[in-house]
Amino acid sequence: MKPRFLALAAALIGVSALALGVAEARPLKWAAAGDALTIDPHGQNEGPTTSLNQHMYESLTERDHAGKLGPLLATSWRVLPDDPTTWEFKLQDGVKFHDGAPFTADDVVFSYERAMQPTSDFKGYLTSIEKVSKVDDLTVRIKTKGPNPLLVNNTSSIRIMSKAWAEKNNAVKAQDFKNKEENFAVRNANGTGPFVLVSREADVKTVMKRNDAYWNKAKVPLEITELTLVPIKQDATRIAALLSGEVDFVQDVPVQDIARLKNQPKVRVTSGPENRTIFFGMDVASADLKGDDVQGKNPFADKRVRQALNMAINRPAIQRVVMRGESVPTGIIMPPFVNGWTKELDAAPATDVAKAKSLLAEAGYPNGFSTTLHCSNDRYVNDEGICQAAVGMFGQIGVKVNLVSQSKSIHFNLIQKNPAETEFYLVGWGVPTYDSDYIFSYMYHTRTGSQGSWNATGYSDKDVDGMIQSLSREVDLTKRNATIASLWTKLKDETIYLPIHHQSLSYGMNSTLDIPVDVANNPKLKMVSFKGS
Amino acid sequence: MLAFILRRLFQSLLVMLAVALIAFTMFRFVGDPVNQLVSLDTPAAQVAEIRRSLGLDDPVVVQFLRYIYNAARLEFGVSYQFRLPVISLLGERAPATLELAFMSALFSLAVGIPMGVYTALRRDSWLAKIFQAVSLVGISLPTFLIGILLIYLFSVTLGWLPSFGRGDVVKIGSWWTTGLLTGSGWKALILPSITLGLFQMTLIMRLVRAEMLEVLRTDYIKFARARGLKTRAVHFGHALKNTLVPVITIAGLQLGSIIAFAIITETVFQWPGMGLLFLKAVQQIDIPIMAAYLMLISFLFVSINLIVDLLYAAVDPRLRATIGAH
């Protein structure tokens with residue numbers, strides 16, 4: 001009797017242990033249109049690459065899904081009271097890398113120096129830094145060339161790797177395309193993050209397992225035991241994989257599939273605005289345009305023409321028809337999370353064909369004119385459709401637009417060339433620093449060697465340039481914000497760009513999940529918790 | 001004979017060079033690779049420096065000669081987007097493409113030949129008519145659409161087969177991977193193989209049917225019947241055997257195009273082969289991968305054609321005689 005009972009008990013225990021084990025295993029398969037280009041934390045500053053790497057490597061600070069900055073590997077930070085050019089970061093104690101080595105100030109200094117190398121793709125965030133130095137094991141000081149009140153905003157992009165590991169494996173340099181050698185960090189990872197790399201096959205799948213020794217376990221759910229990223233390029237296949245249950249979470253849901261997915265009982269769709277605004281730019285400076293039929297004059301140089309074009313765009317129609325509701329029409333080229341954004345600035349002018357026509361007549365173009373619009377067709381959500389719709393709307397006020405829509409690789413080249421090879425173009429802009437300064441210095445500052453690199457409009461105003469430059473020096477945030485506000489008021493009135501909308505993002509997932517849209521489109525899967533468990 | 005072989009080899013080499021040259025000229029128009037390499041805020045001076053270090057400022061002729069010199073040593077450079085050697089990237093993907101191509105060729109033969117024989121022998125049966133209709137679909141529907149339809153039927157609606165990927169693969173040797181040794185690997189192969197092989201299958205079926213009808217009318221078949229041989233022996237022993245000669249030629253030549261045109265099927269099913277790599281390279285302006293892939297495919301076609309030419313010479317005595325006369 002007794003042995004039998006024992007056997008039964010043992011079996012029961014075994015079964016329940018098994019059941020627990022099953023309940024514990026929570027794999028999540030995550031599909032996105034593109035794969036990370038590399039897992040070197042400082043190799044590529046690109047969306048899908050960051051999305052993957054942030055699960056293995058962590059930064060001093062982190063932005064949550066709504067774009068709010070918070071502590072991560074750094075617990076607190078401040079500008080030294082007696083020296084406005086020095087930032088001090090206190091580091092989290094008790095953090096360990098995946099290989100068990102403790103995280104210290106040495107690793108921070110090493111990683112920042114690695115990210116500042118010419119071969120790193122993140123050096124742009126760190127140009128203001130003069131020196132990074134260790135004070136003690138848990139304190140780091142960053143000395144900047146001049147006062148930089150916003151340095152902390154950039155720290156969320158710089159991921160920290162282990163100094164000892166990089167040195168041991170000869171990966172002290174960020175990967176370099178000029179170098180014919182393969183860098184160890186391209187295929188291997190050792191961060192402090194919530195997931196540990198198991199295997200990676202570029203463009204096929206990347207498997208990670210939960211970091212059971214994760215230092216921040218108490219604050220995040222971290223319920224996923226195994227995380228697999230599979231890139232699926234084809235929209236239809238990616239959605240089919242979600243519907244058939246082969247993947248649990250799809251990052252890039254095409255707008256035309258959203259309505260259909262929402263009707264599926266086993267699928268949940270979340271949507272939200274992305275940190276990206278779509279707009280048109282035009283050449284406001286040249287004496288004469290090449291692509292128009294007006295001789296000896298540049299119609300875009302006249303503010304009334306720009307205002308007329310701005311009024312001709314029917315933004316609600318683009319939102320409804322082209323974007324199927326998945327966008328937020330706007331009157332400013334700044335996403336809503338950015339410092340400097342206000343509701344008043346965001347307001348777009350009402351569509352008014354009659355008034356637009358009279359403005360054109362006033363400017364000397366009663367019969368309109370013709371011009372050429374350049375557009376990308378594979379970069380933003382329905383970018384070609386937006387352009388086609390706009391061409392029709394401009395036609396209504398007599399501006400005949402010839403549309404040239406091309407692949408992003410050719411399109412952006414036209415804009416970046418100096419002088420630009422386009423006079424009227426579509427572009428989208430995200431703001432990784434969440435501050436207006438980023439937009440001003442790329443989009444409005446006069447084109448010089450280091451600034452205004454995306455300002456293909458030729459717009460150049462000495463006062464504006466001066467005000468933009470003052471932003472990077474001003475330590476008094478109230479004064480700084482006042483400068484930002486007055487800059488926007490002036491620039492919005494100038495109508496250098498024609499804003500269309502803020503792009504929205506949608507995620508599709510298994511209905512046991514509820515993953516909010518991340519404004520930077522870098523979903524943080526350590527935050528996932530499964531429902532009904 | 002030796003002169004013939006040498007001449008053919010020389011011609012093949014010329015074709016390869018021509019392909020390389022055309023490919024190279026084309027790349028001048030796909031966009032600027034440096035823009036894909038640097039971040040938005042890279043100073044202009046640095047962009048120029050990168051362009052110079054990659055040799056993109058040199059005259060096209062110099063770039064071309066440098067490329068040919070390196071390609072001859074199987075040195076295809078480092079991919080711009082992955083920062084890994086192109087040769088190892090292509091090597092990693094080759095097993096997937098070759099396995100898929102082989103399976104779809106097998107499928108098209110194994111299904112196409114019996115269907116062709118059946119439709120030739122039972123011309124008026126309803127099944128033959130269905131086969132004919134199916135073959136029309138296979139010839140006219142684009143591969144892309146067939147793939148999507150199969151996914152929606154077998155993956156989404158029925159849930160029997162996976163919609164993407166290769167399943168679990170087993171590593172053989174240092175670089176070959178195969179899905180043929182796992183259940184999920186076999187399951188993953190079914191839909192892409194059918195999608196890729198459907199066109200070839202209908203081609204083979206129609207070819208077999210036409211040839212078979214032709215052969216059945218010939219004198220030796222009548223004679224065989226007159227000798228009192230069983231219908232079975234006449235059909236399969238005499239007629240089919242003679243039908244298969246052109247079928248094998250076509251199938252061999254088609255293998256090259258199956259490998260080369262797997263791009264679409266690979267994209268639909270996210271099949272991690274060389275075609276998918278190539279397509280992504282085109283979008284990212286990854287010139288080293290594009291160039292190496294085009295060279296590889298042209299090499300494939302050139303060698304298949306070369307082998308076929310040589311085989312013809314070996315098989316056909318008439319051709320041999322003309323070659324000797326030269």
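Just after helix H6 of chain A, A:Gly245 takes a positive phi of about 80 degrees, where helices (H or I, at least four residues) and strands (E, at least two) are DSSP runs numbered from the N terminus. The model is a predicted one, in which local features need pLDDT of at least 70 and side-chain atom pairs count only at pLDDT 80 or more, while totals for chains, interfaces and linings use all residues. Residues are numbered from 1 along each chain as its sequence is written, and chains are lettered from A and ligands numbered from 1 in the order in which they are written.

Helix H6 itself spans residues 235-243 of chain A, and because seven of its nine residues are buried, the helix is largely enclosed by the rest of the structure. A residue is called buried if 20 or more other C-beta atoms lie within 10 Å of its own, exposed if 12 or fewer do, and partly exposed in between, with C-beta atoms placed from the backbone. The buried residues of H6(A) are A:Thr237, A:Arg238, A:Ile239, A:Ala240, A:Ala241, A:Leu242 and A:Leu243.

Strand S18 (residues 424-429) of chain A has six of its six residues buried, so this strand too is largely enclosed by the rest of the structure. From S18(A), A:Phe424, A:Leu426 and A:Gly428 point one way, whereas A:Tyr425, A:Val427 and A:Trp429 point the other way. Strand S14 (residues 267-282) of chain A pairs with S18(A) in the antiparallel sense over six bridges, two strands being paired if DSSP finds at least two bridges between them. Within this pairing, A:Ile278 stands opposite A:Gly428.

An open sheet in chain A is formed by four strands in the order S5-S6-S8-S7, with antiparallel pairing. Its edge strands are S5 (74-79) and S7 (129-136), each of which pairs on one side only. Neighbouring strands of the sheet are turned by 20 degrees against each other on average, direction ignored; axes are lines fitted to C-alpha atoms, for helices over the stretch in contact, and angles run from 0 to 180 degrees between N-to-C directions. Five bridges join S5(A) to the antiparallel strand S6 (residues 86-91) of chain A, and A:Val79 stands opposite A:Trp87 in S6(A). Helix H3 (residues 105-115) of chain A packs on the sheet, touching S6, S7 and strand S8 (139-144), and the direction of H3 makes about 170 degrees with that of S7(A).

Chain A is divided into domain 1 (31-231) and domain 2 (274-504), with bounds that come from an automatic or database domain assignment. The centres of these two domains, taken over C-alpha atoms, are separated by 34 Å. In total, 10 residues of domain 1 are in contact with 12 residues of domain 2, contact requiring that the C-beta atoms of two residues, placed from the backbone, lie within 7 Å.

The secondary structure of chain B comes to 14 helices and two strands, and the C-alpha trace of this chain spans about 85 × 65 × 35 Å along its principal axes. Buried residues make up 34% of the 326 residues in chain B. Among contacts in chain B between residues at least 6 apart in sequence, 69% join residues at least 24 apart. Over residues 100-121 of chain B, the chain is 100% helix and 0% strand, with end C-alpha atoms 32 Å apart. The span 289-312 of chain B is likewise 100% helix and 0% strand, and its end C-alpha atoms lie 34 Å apart.
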